[in-house]
Amino acid sequence: MSRNESVYDVVVVGAGPAGATAATVLARQGRSVVMVEQDKLPRSASSLGWLNVKAVPVMKELGADVGTVKKQAFTDVTFFDPGLSKSAKPTFNGPAGYVIDRARFDHKLVKAAVAAGATLMDGTPVLDVNPLESEVVVMLGEGRSITGRLLIVAVGRGALLLDRLGFVLPAKHGTIWTAQVDAPGGGTAAAGDTKGSKSKAGGSGLRVAVVLGLERLGSFAVAYVTPKVTAVAINWRGERDQAIPVLVNTCKSLFLREVVPVDLSEAAAQAPLAASPASAALDMETHIGKHTLLVGDAGGFVASLSNEGIYPAMWSARIGAEVVHSALSSPQSQDELMTFESKWRMTMADYLRAPNTDVQFLLPLLFSNQPMADRMGAAFFAGDNI
């Protein structure tokens, strides 16, 4: 028999950007909230990533410290063709985005949630859930359980919990395979400047390079060069076993062309591979189960063009938290939860979906037309229409 430790208004499974955002919003509205996270926080493993500038106001609303994020603003962006023989530098009105340390970023959001009054149970895997008539029982192992009137699932796509709850991604949705490798070593030479030597790398520059059209429609790579660390990430829409070889070859090419100051190809061969749910939200039949709501990666809230998931995760979680808050006050809570579908689609659908223009078709224009390069920069990093 399970030993029930506590009863909450809302149990949030997952303490990433989506889970922490939902917990903060609900705690600020006076709801009792617990975040259950399988990892011990702060996470020890980290990697570089980039953040949409539109997420910064959301962080301020949540009371999260954005100081260190703002110090890593980048404006130096270069788009490359697959052979790295053509390049274009879009111009931006202000920062193109922010390079962030994911572990530190996530922990800032968790701290904001706890400061707002949410309870954190980290290092606590969820083994199963049992939606009952008026509540959801969450099993934690060792005979322990907690209960919530409502449940928000904010764990990554592919988690067994999603299968247990009956949420299935339609087969027609293509998988994007992602992998990233980071290593010490930075530089200041502008991305795409192949005239300088590798020995000139170093200093205080911060730049981003995006290789578009990698062998498969919509596949791309992103390289980050910071003063101390270089990272390369692949976003591959082809077969799973092709993703790592493409990452290895891309790392070699970026180094040989002096786009990055460090050869990451050897480490890239051992990089872990993960499936991304980019724009999967648009294909899912529903994000609502019995007393349950999916947000963030769990619900496929990831931008299709750039595969950026932090901002849409926080955005979907904020919408979801408002719906849950209303549902807790409604005698027909399940009916209120059902409004989540229309609310996120009205505001987020255009941001999530792929451009209605073939990116491969645009590549020649991108490298010969500055306005097109600027439009691609705004589309890729801010989610604007091309």
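A: Gladly! A salt bridge is a side-chain nitrogen of Lys or Arg within 4 Å of a carboxyl oxygen of Asp or Glu. Side chains of opposite charge can pair when their charged atoms come close. Keep in mind that this is a predicted model.

Q: How many salt bridges does the rule count?

A: The count is eleven. One of them joins Asp 122 to Lys 40, whose closest N and O atoms are 3.7 Å apart. Asp 122 belongs to strand S8, while Lys 40 sits in the loop between strands S2 and S3, so the pair ties together parts that are 82 residues apart in sequence.

Q: Are Asp 122 and Lys 40 buried or exposed?

A: Buried means under 20% relative accessible area, and exposed means over 50%. Asp 122 has 18%, so this residue is buried, whereas Lys 40 is exposed at 59%.

Q: Which residue pairs with Asp 106 in a salt bridge?

A: Arg 102 does, with the closest N and O atoms 3.1 Å apart. Both lie in helix H4, and because they are four residues apart, about one helical turn separates them. Asp 106 is buried at 7%, and Arg 102 is partly exposed at 28%.

Q: Which residues do shared partners join into one network?

A: Glu 37, Asp 39, Arg 43, Arg 102 and Asp 106 are linked this way. Within the group, Arg 43 forms a salt bridge with Glu 37, their closest N and O atoms being 3.1 Å apart. Glu 37 is buried, with 6% relative accessibility, and Arg 43 is partly exposed, with 24%.

Note on methods: Residues are numbered from 1 along each chain as its sequence is written. This is a predicted model: local features need pLDDT of at least 70, side-chain atom pairs count only at pLDDT 80 or more; totals for chains, interfaces and linings use all residues. Side-chain values use heavy atoms; hydrogens and water are left out. Buried means under 20% relative accessible area, exposed over 50%, partly exposed in between (1.4 Å probe, protein chains only). Helices (H or I, at least four residues) and strands (E, at least two) are DSSP runs, numbered from the N terminus.
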